[in-house]
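Here is a short briefing to read alongside the model. Take a look at the sequence and the structure, and then we can walk through them together.

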Amino acid sequence: ALVHGRVVPEVVLKASSRTGEGLNEVMEAVEQALLSLNAMVEVLLPYAKGELLNDIHTVGTIVEEEFVAEGTRVVAYVPPSLRGRLKPYILK
């Protein structure tokens, strides 16, 4: 189905707000679309940067988290807005 003359959707789903049929599939598709925007990062955050660690926990998806002498090492999927703020601490 064409939404706009130049836009062809990647996913087309059928759902009913009245019966709830198909809503789980819609939620899964939205989650996958949002996750696809995220990038995996590995960072070493100094303990003084606890607000950044909190932001990762709030808006990211943690893969690994390890407390080391220098700070907290985290591997996570994060949105572009947070990735920019983490850039000084990215290991790889």
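Let's begin in a loop: Asn-38 sits between helix 1 (23–36) and strand 1. Please keep in mind that this is a predicted model. Is Asn-38 buried or exposed? With a relative accessible area of 17%, Asn-38 counts as buried, because the cut-off for that class is under 20%.

- Beyond the residues up to four places away in sequence, Asn-38 touches Tyr-77, Val-78 and Pro-79.

**Fold and overall form**

- The protein has three helices and three strands.
- Read from the N terminus, the order of the elements is α-β-α-β-β-α.
- The radius of gyration of the protein is 18 Å, while a compact globule of 92 residues would be near 12 Å.
- Its C-alpha trace spans about 55 × 30 × 20 Å along the principal axes.
- Of the contacts between residues at least 6 apart in sequence, 53% join residues at least 24 apart.

**The nonpolar core**

- In soluble globular proteins, nonpolar side chains tend to be buried together.
- Which residues make up the largest nonpolar core here? There are 12 residues in this core: Val-41, Val-43, Leu-45, Leu-52, Leu-53, Ile-56, Val-74, Ala-76, Val-78, Leu-82, Leu-86 and Tyr-89.
- Strand 1 (39–45), helix 2 (50–59), strand 3 (71–78) and helix 3 (80–86) each give two or more residues to this core.
- Val-43 is one of the core residues, and its contacts, leaving aside neighbours within four places in sequence, include Ile-56, Val-74, Leu-86 and Tyr-89.
- Also in contact with Val-43 are Thr-72, Arg-73, Ile-90 and Leu-91.
- Val-78 also belongs to the core, and Val-78 is among the residues that Asn-38 touches.

**Surface and charge**

- Buried residues account for 23% of the 92 residues in the protein.
- The protein carries 9 positive and 12 negative side chains.
- The centres of these two sets of charges lie 9 Å apart.

Key. Residues numbered from 1 in each chain as written. Predicted model: local features only at pLDDT ≥ 70, side-chain atom pairs only at ≥ 80, totals over all residues. Heavy atoms only, no water. Helix = DSSP H or I, 4+ residues; strand = E, 2+ residues; numbered from the N terminus. Rg over C-alpha atoms; globule rule 2.2 N^0.38 Å. Buried < 20%, exposed > 50% of the residue type's maximum accessible area, 1.4 Å probe, protein only. Contact = heavy atoms within 4.5 Å. Lys, Arg positive; Asp, Glu negative; His and termini not counted. Charge placed at Lys NZ, Arg CZ, Asp CG, Glu CD. Core = buried A, V, L, I, M, F, W, Y, C linked by side-chain atoms within 4.5 Å.
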